[in-house]
Amino acid sequence: MDKYFIIDFDSTLTRVEAMDLLASISLQGLPQKAAAEARIKELTDLGMNGEISFRDSLKERLLLLEAKESHLPPLIELLKKQVSISFQRNKEFFKQYAETIFVISNGFKEYITPIVTELGIKEDHIYANELLFDDNGKVIGFSEDNPLSKDGGKAEVIRKLDLDGDIYVIGDGHNDYEIKAAGLANKFYAFTENVSREKVMKKADHIAPSLEEVLFENKIMSAFSYPKNRIKVLLLENVHPIGVDLLEKEGFTVEEYPAGLDEEELAEKIKGVSILGIRSKTQVTSKVLENADRLMAIGAFCIGTNQIDLEAAQERGVAVFNAPFSNTRSVVELAIGEIIMLTRNIFDKAVLMHQGNWDKSASGSKEIRGKKLGIIGYGNIGAQLSVVAESIGLDVYYYDLEEKLALGNATKLDSLKELLQTADIISLHVDGRPENKNVIGEAEFKLMKDGVIFINLSRGHVVDIPALKSNIESGKIKGCAVDVFPEEPKSNKDPFESELKGLPNTILSPHIGGSTEEAQENIGNFVPNRIMEYINTGTTTNSVNFPNLTLPRLQNAHRLIHIHKNVPGIIAKINQLFAKHEINIAGQYLKTNEKIGYVITDIDKAYSKDLIKELRAIDHTIKFRVLY
Ligand SMILES: NC(=O)C1=CN([C@@H]2O[C@H](COP(=O)(O)OP(=O)(O)OC[C@H]3O[C@@H](n4cnc5c(N)ncnc54)[C@H](O)[C@@H]3O)[C@@H](O)[C@H]2O)C=CC1
Ligand SMILES: O=C(O)CCC(=O)C(=O)O
């Protein structure tokens, strides 16, 4: 049985309403332009929602237009650039199915024909209204004999076509739904790539945010192996709008949530989600991952990834990406600011001022020049702090578990003990790995100099809080800044509880070391791009738990992505299957880590479904997907 596709033009095949564009051309320079354009838009929407008769709406709109034949060529040029993105992507579909695709529109043939024939749609498969012109080329009306100039016209055209097969209507308006309502179509797809009309969507059999959705539903090969709108993205903790926008523009279905979620909530919410975006608060535990039935990637919109069970994610074939440098500078600037504030007792003095007390004295206030800054954890933040601190006169010492290049004049120390005994100011920049729990506790505070300044902008659990509190109270620590806490509120609405509240010369901040507009914008750009590269090409550059592979763009081939446990012989098995199915390998890329193997194979276009089944069935396969 043949499948016929009836496609609407305005706001479906093109991203715009052609009449709106025509109005902006024909009314150019006329005093009534703004008012006429607004009324045309209003009439279009009323017509699309079925709230006024179509013929009335068309008549009134044409009258407002002041259009001439000479306005058509520029209109056509503009419309050519406005073909809907997913239609542009799927030109192959229009060529292959030319015999069964019809465009039926209440717009006008004069501009529709040049646009849709370019896509490969046959001229005699275009049904639309026709303009009438006077001798001077002015538009004076439309052919009223044409059924498409009145309500129910689309149904009438289809009835006359008498198509023998299943009929699928793709459109954004009420008049498209009417074809189904008249019993003339098997399915009505509400096409929402350009506009979403609530009333129309409610009546649709299926919502199609892109043409791929329709093609996928009908098992027709499309530009993407899987419609992007079926990829559900869950973004928690107020990810920057740039990030949300990028993922939406890619065609994914994005759900946002302003706060973090606890384990139970996330374990429920994660079902059906393909991409999860979090910041530092949300714990992605193995329990959450057990329920993650469709998860492909996690984006940590921050630096730290200790909140994610990276090993469990890896074992389930879920790639994790973060933004390793996007907020580094912001943390460093806060550390520098706090070092100066604490060394000068500004925080306590400011509190006194707000209470009406004037305490002008130099006692206990010092310059930072020449003071010894001890950095624990000389990674990206520690090293950047080292450079900036040195440039304003601090004498830098550092300790790291790993061998790190000393920048500038910084002095590397061989033990934590040595660093604690040396520094006047200690700033903690270790990562949040579990082994770092209470890396600074009572014993470590004891080793510090009396009157030390202590700063923790890394993770809350790396410092023993009761020990910190008693050392501030005793005066051993003269000034302290803490930005991160073992327990942090899930959202801005939840209360903040900590033993550190109310202590002298202690700056508490709500985990905002990386919260600058610049950093959040950087992160909002960086992480979605890594995720999209992974989804679209398989590239894992910058993944924190997957073998890093940078792949070439896929050209005229299928890309098969196989993630498996790293046991001997898997590659041999994969390649035996290609040989058995006489598949030509265009390129193969492999990388492993301790736990998993990541193999990408580009093959010629043709392959059988059996090959895919057999590849999936190889023992120790974790995940498999096809890209084209
Ligand atoms: N407060 C905030 O808003 C922010 C906090 N952070 C935290 O800062 C941490 C550090 O960030 P980066 O410097 O970019 O990470 P990084 O991974 O580049 O550096 C961490 C360094 O700490 C070292 N290290 C780990 N444990 C250690 C230990 N026990 N003793 C000595 N050295 C140790 C590592 O070898 C590494 O060189 C992040 O993991 C994150 O938890 C990051 C950004 C913003
Ligand atoms: O801004 C955030 O949510 C987290 C910042 C942070 O701690 C990080 O980048 O690791």
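**Figure 1. Domain layout of the predicted model.** The centres of domain 3 and domain 4 are separated by 49 Å, taken over C-alpha atoms. The chain is divided into domain 1 (2–217), domain 2 (231–321), domain 3 (328–515) and domain 4 (547–626), with bounds that come from an automatic or database domain assignment. The model is predicted, with local features requiring pLDDT of at least 70 and side-chain atom pairs counting only at pLDDT 80 or more, while totals for chains, interfaces and linings use all residues. Residues are numbered from 1 along each chain as its sequence is written, chains are lettered from A and ligands numbered from 1 in the order in which they are written, and side-chain values use heavy atoms, with hydrogens and water left out.

Figure 2. A nonpolar core is a set of buried Ala, Val, Leu, Ile, Met, Phe, Trp, Tyr and Cys residues joined through side-chain atoms within 4.5 Å; buried means under 20% relative accessible area, exposed over 50%, and partly exposed in between (1.4 Å probe, protein chains only). The largest such core has 49 residues, and Phe9, Leu13, Phe87, Phe94 and Tyr111 have the most contacts inside it. Helix α2 (residues 18–26) gives the most to this core, with six residues; helices (H or I, at least four residues) and strands (E, at least two) are DSSP runs, numbered from the N terminus. Apart from this core lies another, of 31 residues, among them Leu235, Ile275, Phe301 and Ile531. Tyr111 is buried in helix α8 (residues 109–119), as are Ile112, Thr113, Ile115, Val116 and Leu119. Leaving aside neighbours within four places in sequence, Tyr111 is in contact (heavy atoms within 4.5 Å) with Phe9, Ala18, Met19, Leu72, Leu75, Ile76 and Leu79. Gly120, whose phi is positive, near 110°, follows α8.

**Figure 3. Ser143 and helix α9.** Ser143 is placed in the loop between β5 (139–142) and α9 (153–161). Ser143 counts as buried because its relative accessibility is 17%. Not counting residues up to four places away in sequence, Ser143 touches Glu130, Leu132 and Ser149. Within α9, the buried residues are Gly153, Lys154, Ala155, Val157 and Ile158. These buried residues pack against β1 (2–7), β2 (101–108), β3 (126–129), β6 (165–171) and α10 (174–181). Just after α9, Asp162 takes a positive phi of about 50°.

Figure 4. On a 1 Å grid over the protein atoms alone, a cavity is a set of points where a 1.4 Å probe fits but cannot get out, and a pocket is an open set with protein on both sides within 12 Å along at least five of seven lines; lining residues have an atom within 4 Å of a point. Grid points are joined across faces, edges and corners, and a volume is the space filled by probe spheres set on the points. The structure holds one cavity of 30 Å³ or more, and the volume of the largest cavity is about 110 Å³. Of the 15 residues that line the largest cavity, Asp10, Glu17, Met48, Asn106 and Gly107 lie nearest its centre. Strand β2 gives the most to this lining, with four residues.

**Figure 5. The second largest pocket.** At least two lining residues come from each of α12 (211–217), α23 (517–537), β21 (558–565), α25 (609–617) and β24 (621–627), and β24 gives the most, with five. Domain 2 and domain 4 each supply at least three residues of the lining.

**Figure 6. Arg559 in strand β21.** Arg559 is found in strand β21 and counts as buried because its relative accessibility is 0%. Not counting residues up to four places away in sequence, the residues that Arg559 touches include Thr537, Leu551, Asp602, Arg625 and Val626. Arg559 and Val214 are 345 residues apart in sequence and 23 Å apart in space, C-alpha to C-alpha.

Figure 7. Glu237, in the loop between β9 (232–235) and α13 (241–249), has a positive phi near 60°. Glu237 is buried, with a relative accessible area of 7%. Asn542, in the loop between α23 and β21, has a positive phi of about 75° although it is not a glycine. Asn542 counts as partly exposed, at 26% relative accessibility.
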